[in-house]
Amino acid sequence: MAKCVSWRYTPTPQHASHLPGECRECWEPCTEKVVKKRSRCAGCTKAIIACPDHRVRRALLSEENLDRETVEMLAQDQYPMIAVAAQQMLADRWGVQPHDPGSLPAPPGYEGIPFD
Ligand SMILES: [Zn+2]
Ligand SMILES: [Zn+2]
């Protein structure tokens, strides 16, 4: 059984701008077991997607071999660069049309962020 090799993010208000590896309080090494060829457990992936620092979410998006579920969550990111890049990845890898109204429902209360 492989182990997760990700940093595990713990939301800590005073640590909003710390990056993985910089700080051991809001980012701890995770050692949870993972299945198949994954190097990160589902809990770490969800924690990273919830991380307020967009640099961290962009780093996740730039990783190879992301699963579709992760990319779909990033496609709803409030940071437009991430959402657009994730939607493009969905279209390229899985044929999901970015503007298909059925494929990417907006979360409740989400009004969108204008580009300009
Ligand atoms: Zn920290
Ligand atoms: Zn983990």
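Residues are numbered from 1 along each chain as its sequence is written, and chains are lettered from A and ligands numbered from 1 in the order in which they are written. Because the model is predicted, local features need pLDDT of at least 70 and side-chain atom pairs count only at pLDDT 80 or more, while totals for chains, interfaces and linings use all residues.

The protein chain holds 4 helices and 4 strands. Helices (H or I, at least four residues) and strands (E, at least two) are DSSP runs, numbered from the N terminus. Read from that end, the order is β-β-β-β-α-α-α-α. The chain has 116 residues, of which 22% count as buried. A residue is buried if 20 or more other C-beta atoms lie within 10 Å of its own, exposed if 12 or fewer, and partly exposed in between, with C-beta atoms placed from the backbone. Two residues are in contact if their C-beta atoms, placed in that way, lie within 7 Å. Among contacts with a separation of 6 or more, 46% join residues 24 or more positions apart.

The largest nonpolar core has 19 residues, and Tyr9, Ile48, Ala75 and Ala86 have the most contacts inside it. Such a core is a set of buried Ala, Val, Leu, Ile, Met, Phe, Trp, Tyr and Cys residues joined through C-beta atoms within 7 Å. Two or more residues come from each of β2 (7-9), α1 (42-49), α2 (54-61), α3 (68-74) and α4 (80-94). Domain 1 (1-52) and domain 2 (53-104) both contribute, so the core lies between them. These bounds come from an automatic or database domain assignment. Apart from neighbours within four places in sequence, Ala86 touches Leu61, Val71, Leu74, Ala75 and Asp77 by the contact criterion.

The buried residues of α1 are Cys44, Ala47 and Ile48. Viewed down the helix axis, they fall within an arc of 100°, so they line one face of α1; the arc is that of the directions from the helix axis to the C-beta atoms. They pack against β2 and α2. In α2, Val56, Arg57, Leu60 and Leu61 are buried. Their arc is within 140°, so they too line one face of their helix. The partners of this buried set are α1, α3 and α4.

Asp67 sits in the loop between α2 and α3. With 10 other C-beta atoms within 10 Å, Asp67 is exposed. Its C-alpha atom is separated by 9.6 Å from that of Arg38, 29 residues apart along the chain.
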